[in-house]
Amino acid sequence: MLISREELDDRLRGAARAWLDEALAEAAHAAAHPGADSGNPPWELRFASAGRHCGLENADSVRALLLVEARAGLPAVTRLYEQGTAAERRAVLLTLHRLDLGATALPLVEDALRTNDTRLVAAAVGPYGAAHLDAHGWRHAVLKCLFTEVPVEALDRLGERARDDAELARMLSDFAAERTAAGRAVPAGLRTVLDLTAPAPAPTSTEES
Amino acid sequence: MRIFDPHIHMSSRTTDDYQAMYDAGVRALVEPSFWLGQPRTSPASFFDYFDALLGWEPFRASQYGIAHHCTIALNPKEANDPRCAPVLDALPRYLVKDSVVAVGEIGYDSMTPAEDTAFATQLQLAAAHGLPALVHTPHRDKLAGLHRTIDVVRESGLAPELVLLDHLNETTVKDALDSGCWAGFSIYPDTKMDEVRMITVLRGYGTDRILVNSAADWGKSDPLKTRKVADTMLKAGFDEDDVDKVLWRNPVAFYGQSGRLQLDIAAPGTLHEGNSILRGGE
């Protein structure tokens with residue numbers, strides 16, 4: 001889970017705290033001087049080494065703060081994702097919805113959903129993927145989670161997007177039938193999602209009974 | 001028994017190997033970037049390989065409770081292909097990554113001028129990034145190659161304690177240790193070194209600054225050679241502390257100089273579940 005600047009300030013001491021202050025100042029400087037997005041600005045090096053300076057457990061949060069503070073645009077997030085370790089790619093995916101990108105960064109989500117790395121798959125189905133994946137892409141993302149055993153709770157806005165989705169229900173039922181035919185267990189989360197595909201109940205009047 | 005394999009090419013190995021290594025006591029490893037058997041023809045091909053060493057391969061290893069680190073470099077063999085030389089320019093962006101614990105494998109293959117340039121350049125990169133260097137010693141003309149290697153290390157200004165000279169044998173161990181560098185031995189089924197010869201080296205030179213690896217890759221090799229050396233040491237009269245020093249503490253001390261070793265990986269709890277390596281239904 002991402003934590004806020006205030007929580008990080010409480011956690012970090014001494015050199016780590018000073019490092020974070022300097023890194024965020026560099027990111028803010030980049031945001032204040034747009035157009036200098038050629039080459040790799042200093043905060044992007046900080047992005048790579050965040051875990052070593054602030055603790056691996058805080059790396060996602062520090063990287064997210066850097067992206068937001070730098071107001072990272074599509075060229076920067078694409079570069080950081082493509083040149084990143086799996087951990088750096090995850091941090092980019094987890095932050096996309098907090099940046100002013102519209103749907104332009106969707107190719108990064110689609111890239112992550114082609115991997116079999118569950119850390120990336122789980123991050124790809126967060127708020128940004130839920131907001132921008134089209135119906136076909138989102139349904140396949142649901143199946144991908146079930147295949148790779150990413151808990152379906154990782155799917156942001158699951159109930160909202162699954163509701164009344166007859167095609168998703170068919171895909172899930174086919175998948176369950178395939179597993180059953182093979183004598184294999186049906187993933188636990190499948191039933192959860194299938195139940196959510198039911199149409200919304202018709203509004204009932206609260207005035208009369 | 002805990003084992004750290006300081007040189008193994010896991011990208012070429014199967015999940016069965018990961019399982020067998022875990023069962024044998026391997027809890028950490030370093031995968032040096034090297035030649036893939038098929039020569040590459042463009043820098044982009046290297047970058048995808050480096051990305052795999054920083055992404056997919058650590059994920060695979062983590063599924064089996066093994067901490068995966070890597071070393072990044074343009075290897076000496078491919079440094080001779082001018083199409084691949086631009087890899088050198090891109091190395092700095094890889095050397096800042098969390099799990100990169102050394103520059104390597106660098107050194108000599110055929111001892112050409114192009115190898116001289118790549119070797120010296122990458123020793124400087126190691127110094128600039130505060131990283132140790134993993135140096136491959138040549139298979140052909142080995143002793144002369146070792147002497148030239150040691151000369152280049154001296155000229156580089158990189159401290160010898162930050163350099164691991166690898167693939168050593170009976171003819172090269174003394175000069176390697178005298179140089180102040182760390183000494184690595186690759187235990188292979190037929191070539192390089194075997195377990196019994198390794199015991200003789202340990203009896204002659206002690207356990208300080210000595211590392212043992214399987215160097216297992218796509219060739220005939222055995223990822224359990226580290227454990228076999230440990231067992232052979234115990235049979236030969238070394239005690240468990242000696243084994244722990246050679247097979248764990250020494251590699252931790254060497255690569256730990258990077259400040260980037262992360263050895264507290266969680267044990268595999270959901271190995272047969274939660275495991276996308278099984279491919280699900282894909």
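**Figure 1. Residue A:T118 in helix α8 of chain A.** A:T118 lies in helix α8 of chain A, shown here in a predicted model. Because A:T118 has 21 C-beta neighbours inside 10 Å, this residue counts as buried. A:K144 is 26 residues away from A:T118 in sequence, yet the two C-alpha atoms are 9.6 Å apart in space.

**Figure 2. Residue A:A131 in helix α9 of chain A.** Helix α9 of chain A contains A:A131. A:A131 has 16 C-beta neighbours inside 10 Å and therefore counts as partly exposed. Along the chain, A:A131 and A:D156 are 25 residues apart, and 8.7 Å separates their C-alpha atoms. Within chain A, confidence reaches its highest value in α9(A), at a mean pLDDT of 98, and its lowest in helix α1 (residues 5–11), at 93.

**Figure 3. The two domains of chain A and the contact between them.** Chain A is divided into domain 1, residues 1–133, and domain 2, residues 138–200. The C-alpha centres of these two domains of chain A lie 30 Å apart. Where they touch, 12 residues of domain 1 are in contact with 11 residues of domain 2. On the domain 1 side, the elements giving two or more residues are α8 (118–124) and α9 (127–132) of chain A. Helix α8(A) supplies the largest share of that side, four residues. By class, the domain 1 side holds eight nonpolar residues, four polar residues and no charged residues.

Figure 4. Chain A has 13 helices and zero strands. Its C-alpha trace spans about 60 × 50 × 35 Å along the principal axes. Of the 209 residues of chain A, 41% count as buried. Among the contacts in chain A that join residues at least 6 apart in sequence, 65% link residues at least 24 apart. The average pLDDT of chain A is 93, and 95% of the residues score at least 70.

**Figure 5. Strand β5 of chain B and its two neighbouring strands.** Strand β5 comprises residues 133–136 of chain B; B:A133 and B:V135 point one way, B:L134 and B:H136 point the other way, and all are buried. In a regular strand, side chains alternate between the two faces of the sheet. Strand β4 (residues 100–107) of chain B pairs with β5(B) in the parallel sense over three bridges. B:A133 in β5(B) is the bridge partner of B:V103. A right-handed β-α-β unit is made by β5(B), helix α7 (residues 142–156) of chain B and β6(B).

**Figure 6. Strand β8 of chain B and its pairing with β7.** Strand β8 (residues 210–213) of chain B is covered on both faces: B:I210 and B:V212 on one side, and B:L211 and B:N213 on the other, are all buried. Strand β7 (residues 182–186) of chain B runs parallel to β8(B) and is joined to that strand by four bridges. B:V212 in β8(B) stands opposite B:F185. From β7(B) the chain crosses to β8(B) through helix α9 (residues 195–205) of chain B, and this β-α-β crossover is right-handed.

**Figure 7. The contact between chain A and chain B.** Chain B contributes 19 residues to the contact, and chain A contributes 18 residues. On the chain B side, helix α3 (residues 56–63) of chain B provides the largest share, three residues. The residues of chain B that touch chain A comprise five nonpolar, eight polar and six charged. The model scores ipTM 0.85 and pTM 0.90.

Figure 8. Chain B has an average pLDDT of 93, with 94% of the residues scoring at least 70. Over residues 269–275 of chain B, however, pLDDT stays under 50, and the model has five contacts beyond four places in sequence for this segment. Residues 278–282 of chain B likewise have a pLDDT below 50, and this stretch has five contacts in the model beyond near neighbours in sequence.

Conventions:
Residues are numbered from 1 along each chain as its sequence is written. Chains are lettered from A and ligands numbered from 1 in the order in which they are written. This is a predicted model: local features need pLDDT of at least 70, side-chain atom pairs count only at pLDDT 80 or more; totals for chains, interfaces and linings use all residues. pLDDT is the predictor's confidence in each residue, from 0 to 100. Two residues are in contact if their C-beta atoms, placed from the backbone, lie within 7 Å. A residue is buried if 20 or more other C-beta atoms lie within 10 Å of its own, exposed if 12 or fewer, and partly exposed in between; C-beta atoms are placed from the backbone. Two strands pair if DSSP finds at least two bridges between them. A crossover is right-handed if, with the strands pointing away from the viewer, the path from the first strand over the helix to the second runs clockwise. Ala, Val, Leu, Ile, Met, Phe, Trp, Tyr, Cys and Pro count as nonpolar, Asp, Glu, Lys and Arg as charged, and the others, Gly among them, as polar. Domain bounds come from an automatic or database domain assignment.
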